[in-house]
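Here are my notes for a first look through this one. Have the structure open beside you while you read.

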Amino acid sequence: MLKKDFPISEFDCSRVKTKKQDKGINKRYGGNNMNFSSKVKDKIAEANKREWIESLIIIIVGIFINTFIFSITAVSGESMAPTLEDGDRLLLRKYKVVLNTEEYNRGDIVVFRSPLEDDSRAFVKRVIGVPGDKINILEGKLYINDEYIKETYVESKSFTESLLYGVNYIVPKDEVFVIGDNRLPRGSNDSRSFGSVSMEEIKGKVVFKIFPFNRMGKDF
């Protein structure tokens, strides 16, 4: 009877010992695994939060730059051909307009809000006259302050249509007179028909052509 009980007793002790060992192992390593998993989750959450904050900062900075510093605008239409073509991308300087320190000279290219009623578009044109200038278009040629202006940026033998405002148009204070480089009939809707543009309506001055790459530069 004792001989028969001995193996059973030994087997039972072995089983009890194994369970105790399992409990010890779980207690020793299982807790660490849980702590490790928690730390990993915390690090992932922290990384996601940092990435979200960085993305938000980038968006805010981008909006600020686009609104107040520089922006990229696309040319729509052919009113500035051959200088600018449909689809060209232009870099627009805006910060001087915002600070009211921008100076406009004849030959500058500007982007301004449409002066036409119920028209939300922006126009891109060339500054022809500044405040005080007397504008005349006679026999297809441009005259500023009674001096003939040779416009090298238009197609040769171009004929510039006359002003709807008659002759001797004086550009008012704080306004500019703008015309598109396309001088074909109805090639450009500009100051010849809607008059000079208030400087307050100007969104920025074009400082660089960035696309297409084969015509990139400031040669305009």
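1. Start with Tyr 95, which counts as partly exposed at 29% relative accessibility. Keep in mind throughout that this is a predicted model. Phe 70 is partly exposed too, with a relative accessible area of 29%. The two rings form an edge-to-face aromatic pair, with 5.7 Å from centre to centre and 70 degrees between the planes. What does the pair tie together? Phe 70 sits in strand E1 and Tyr 95 in helix H2 (residues 95-98), so the contact links parts that are 25 residues apart in sequence.

2. Another ring pair to look up is Tyr 165 with Tyr 169: the centres are 5.5 Å apart and the planes stand at 55 degrees, so this one is tilted. An angle over 60 degrees would have made it edge-to-face.

3. In total, the structure holds 8 aromatic pairs. Phe 112, Phe 123 and Phe 194 come together as one aromatic cluster. Charged side chains also meet rings here. Lys 125 lies over the face of Phe 123, at 5.5 Å from the ring centre, and Arg 126 lies over the face of Tyr 153, at 3.9 Å from the ring centre.

4. Now step back to the whole chain. Its secondary structure comes to 3 helices and 11 strands.

5. A few pairings are worth checking by eye. E1 joins strand E2 (residues 89-93) over 5 bridges, in the antiparallel sense; there, Ser 71 has Leu 92 in E2 as its bridge partner. E2 in turn pairs with strand E11 (residues 202-211), again antiparallel and over 5 bridges, and Arg 93 stands opposite Lys 205 in E11. Further along, 5 bridges join E3 (residues 109-113) to E4 (residues 122-129), which run antiparallel. Which residue of E4 is the bridge partner of Ile 109? That is Arg 126, the residue noted above for lying over the face of Tyr 153.

6. The largest nonpolar core has 11 residues: Tyr 104, Val 110, Phe 112, Phe 123, Val 127, Val 130, Val 176, Val 178, Phe 194, Val 197 and Ile 202. Elements giving two or more residues to this core are E3, E4 and strand E9 (175-179). The Phe 112, Phe 123 and Phe 194 cluster is part of that list. Apart from this core lies another, of 10 residues, among them Ile 135, Ile 137, Tyr 169 and Phe 177. More generally, nonpolar side chains tend to be buried together in soluble globular proteins.

7. Not counting residues up to four places away in sequence, Ile 202 touches Val 97, Tyr 104, Val 110, Val 111, Phe 112, Arg 113 and Val 176.

8. Is Leu 84 buried or exposed? Leu 84 is buried, at 0% relative accessible area. Leaving aside neighbours within four places in sequence, Leu 84 is in contact with Val 75, Leu 90, Ile 109, Val 124 and Lys 209. Its C-alpha atom is separated by 9.8 Å from that of Gly 180, which is 96 residues away along the chain.

9. Last, the overall figures. Of the 220 residues in the chain, 30% count as buried. Among contacts between residues at least 6 apart in sequence, 61% join residues at least 24 apart. The accessible surface comes to about 15200 Å², and 56% of that belongs to carbon and sulfur atoms.

Key: Residues numbered from 1 in each chain as written. Predicted model: local features only at pLDDT ≥ 70, side-chain atom pairs only at ≥ 80, totals over all residues. Heavy atoms only, no water. Pairing = 2+ DSSP bridges. Helix = DSSP H or I, 4+ residues; strand = E, 2+ residues; numbered from the N terminus. Phe/Tyr/Trp six-rings, centres within 6.5 Å; stacked < 30°, edge-to-face > 60°. Buried < 20%, exposed > 50% of the residue type's maximum accessible area, 1.4 Å probe, protein only. Lys NZ or Arg CZ within 6 Å of the ring centre and 35° of its normal. Contact = heavy atoms within 4.5 Å. Areas by Shrake-Rupley, 256 points an atom, 1.4 Å probe, with all protein chains shown as cover. Core = buried A, V, L, I, M, F, W, Y, C linked by side-chain atoms within 4.5 Å.
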